[in-house]
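Hello,

I am passing a structure on to you, and below it you will find my notes on what turned up. Please have a look at it first and then read on.

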Amino acid sequence: MRLILLGAPGAGKGTQAEILSRLLNVPTISTGNILRAAMKNGTPVGLQAKAYVESGKLVPDDVIIGIIEERLQEDDCKNGYVLDGFPRTLAQAKALSGFAKIDGALSIEVSDSEIEHRMEGRRICSKCQATYHVEDNPPKVEGICDKCGGQLVIRKDDIHDVVENRLHIYHEETEPVKEYYRQEGLLLAVRGQKKLADTTQLVFDALGISL
Ligand code: ADP
Ligand code: ZN
């Protein structure tokens with residue numbers, strides 16, 4: 001299955017993508033994680049992306065489209081993938097249609113005020129990038145990743161003003177992507193719930209997955 005996850009920043013795309021990926025036995029391709037790894041390693045793409053990512057702006061379309069087009073050609077994508085964070089603009093969606101046949105686009109719908117609450121409490125593992133929330137999905141030991149023991153940190157772009165900026169860009173640039181997939185007959189939508197597992201259940205229902 002070749003699946004796209006759509007939703008505002010902080011809607012829980014990443015978490016649901018990982019769950020689906022494990023279940024369907026396909027990789028999650030997360031543009032945010034790819035860019036953060038590139039930044040950490042100081043690659044040319046990372047250096048190019050840094051200023052955009054840290055201020056909450058979108059990385060230019062040609063950069064991100066190139067990354068995804070290459071990534072989807074790798075062996076592990078043969079049986080499908082879950083795209084998390086791409087496409088985020090109409091231009092990206094159209095480009096994707098040129099090199100991939102998508103089976104569905106699942107949108108996780110969350111209000112702006114809920115997004116703000118989530119982002120302020122979000123923590124990310126500095127080693128393996130797993131995400132947590134101080135109230136809604138806390139690690140077993142405060143500040144420490146359950147999965148790898150890494151230090152949990154606040155992403156620079158989860159700071160309040162940057163969050164506002166990202167939400168604004170989401171409404172302007174990414175909502176048209178939803179419309180694009182609606183017109184293609186590929187859009188599925190679920191309302192994001194407070195509890196992770198409740199959202200997961202709705203996602204499974206929407207995709208016709210029963211466990
Ligand atoms: P979130 O979904 O929480 O906004 P991501 O980890 O998906 O966070 O993305 C973090 C940042 O990486 C974005 O704010 C943006 O700067 C950049 N980015 C990620 N995906 C894309 C994309 N498809 N197009 C342009 N920029 C992107
Ligand atoms: Zn970790």
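One definition to start with: a residue is called buried under 20% relative accessible area, exposed over 50%, and partly exposed in between, using a 1.4 Å probe and the protein chains only. By that rule Leu 211 is exposed, because its relative accessible area is 81%. Leu 211 sits in the segment after helix 8 (196-207); helices here are DSSP runs of H or I with at least four residues, strands are runs of E with at least two, and both are numbered from the N terminus. Between the C-alpha atoms of Leu 211 and Asn 79 there are 20 Å, with 132 residues separating the two along the chain.

Please keep in mind that this is a predicted model, where local features need pLDDT of at least 70 and side-chain atom pairs count only at pLDDT 80 or more, while totals for chains, interfaces and linings use all residues. Residues are numbered from 1 along each chain as its sequence is written, chains are lettered from A and ligands numbered from 1 in the order in which they are written, and side-chain values use heavy atoms, leaving out hydrogens and water.

Now to the ligand. Around ligand 1 there are 20 residues, of which Thr 31, Lys 57, Gly 85, Arg 88 and Arg 166 come nearest; to be near, a residue must have a heavy atom within 4 Å of the molecule. Sorted by class, this shell holds seven nonpolar, five polar and eight charged residues. Here Ala, Val, Leu, Ile, Met, Phe, Trp, Tyr, Cys and Pro count as nonpolar, Asp, Glu, Lys and Arg as charged, and the others, Gly among them, as polar. Helix 2 (residues 31-41) gives the most to the shell, with four residues.

Which atoms of the protein meet the ligand's oxygen and nitrogen atoms? A polar side-chain atom of Arg 36 is 2.8 Å from an oxygen atom of ligand 1, and an N or O atom in the side chain of Arg 155 is 3.1 Å from an oxygen atom of the ligand. For a nitrogen atom of ligand 1, a polar backbone atom of Gly 85 lies 2.8 Å away. Taken alone, ligand 1 exposes 540 Å², and the protein buries 96% of that (areas by the Shrake-Rupley method with a 1.4 Å probe; for residues, only the protein chains shown count as cover).

How many aromatic pairs does a search of the whole structure find? It finds one: Tyr 180 and Tyr 181 are edge-to-face, 5.1 Å centre to centre with 85° between the planes. (Rings of Phe, Tyr and Trp, the last by its six-membered ring, pair if their centres lie within 6.5 Å; planes under 30 degrees apart are stacked, over 60 edge-to-face, and the rest tilted.) Tyr 180 counts as buried because its relative accessible area is 15%, and Tyr 181 is buried at 2%.

A few backbone details deserve a look too. Most residues other than glycine have a negative phi, and most peptide bonds are trans. Phe 86 and Pro 87, however, are joined by a cis peptide bond with omega about -5°, and Pro 87 is in the loop between strand 3 and helix 5. Asn 25 has a positive phi of about 60°; this residue lies in the loop between helix 1 (13-24) and strand 2 (28-30) and is exposed at 68%. Gln 129 also has a positive phi, near 70°, in the loop between strand 5 (122-125) and strand 6 (131-133), but Gln 129 is buried at 17%.

Finally, Arg 122 lies in strand 5 and counts as buried at 15% relative accessibility. Its side chain makes a polar contact with that of Asp 158 at 3.0 Å. A polar contact is a pair of N or O atoms within 3.5 Å; within protein, one must be able to donate a hydrogen and the other to accept it, and residues adjacent in sequence count only if both atoms are side-chain atoms.

Best wishes
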